[in-house]
Amino acid sequence: MAYLWVFIGGGAGSMCRYALSHWLNPDTAADGLAWGTLVANILACLVLGVGLALLLQDRLDYQWRLLLLTGFCGGFSTFSTFALELIQQGQENAGLAALYLLLSLAGGVGAILLGQSLLAT
């Protein structure tokens with residue numbers, strides 16, 4: 001049954017990432033930054049941070065952990081797309097690639113910390 005929870009969460013996360021990227025990454029983005037992937041990865045980190053806080057407080061059942069943290073966050077965030085976009089941006093504009101890298105790392109770590117602090121006791 002555990003695989004089913006991960007499957008459902010991963011499918012939902014992947015569909016949400018696709019929709020977000022389609023919405024935030026128009027073909028003619030003025031600044032060239034991959035906003036869809038950036039926002040999806042940071043939001044996944046926020047959900048993961050909240051989930052980790054709930055786990056530490058014993059307030060997240062095993063099925064929800066599999067559905068949300070393993071499945072949804074795994075499907076919603078995407079390291080492979082991030083790496084590809086970073087390479088593509090680096091070939092066109094090294095400064096923009098550096099900004100994307102910095103925003104992704106700082107935003108992701110910050111979102112996990114924020115998520116955990118939202119439920120701190």
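Trainee: Which residues does phenylalanine 82 touch, not counting those up to four places away in sequence?

Mentor: This is a predicted model, in which local features need pLDDT of at least 70 and side-chain atom pairs 80 or more, while totals for chains, interfaces and linings use all residues. Residues are numbered from 1 along each chain as its sequence is written, and side-chain values use heavy atoms, without hydrogens or water. With contact meaning heavy atoms within 4.5 Å, Phe82 touches Thr37, Asn41, Tyr100, Leu101 and Ser104.

Trainee: Which residues make up the largest nonpolar core?

Mentor: Such a core joins buried (under 20% relative accessible area) Ala, Val, Leu, Ile, Met, Phe, Trp, Tyr and Cys residues through side-chain atoms within 4.5 Å. The largest has 6 residues: Leu33, Ala34, Leu38, Phe82, Leu96 and Tyr100.

Trainee: Is alanine 53 buried or exposed?

Mentor: Alanine 53 lies in helix α2, and beyond its neighbours within four places it is in contact with Gly115, Gln116 and Leu119. Its relative accessible area is 6%, so Ala53 is buried.

Trainee: How far apart are the C-alpha atoms of alanine 53 and glycine 107?

Mentor: Along the chain, Ala53 and Gly107 are 54 residues apart. Their C-alpha atoms are separated by 18 Å.

Trainee: How are α2 and α3 oriented to each other?

Mentor: The axes of α2 (residues 35-56) and α3 (residues 62-76) come within 9 Å and cross at roughly 165°. Ala40, Leu43 and Ala44 are among the α2 residues that meet α3, where the partners include Arg65, Leu69 and Phe76. Angles over 145 degrees count as roughly antiparallel. The two helices, α2 and α3, are therefore roughly antiparallel.

How values were computed:
Axes are lines fitted to C-alpha atoms, for helices over the stretch in contact, and angles run from 0 to 180 degrees between N-to-C directions. Helices (H or I, at least four residues) and strands (E, at least two) are DSSP runs, numbered from the N terminus. Angles under 35 degrees count as roughly parallel, over 145 as roughly antiparallel, 65 to 115 as roughly perpendicular and the rest as oblique. Buried means under 20% relative accessible area, exposed over 50%, partly exposed in between (1.4 Å probe, protein chains only).
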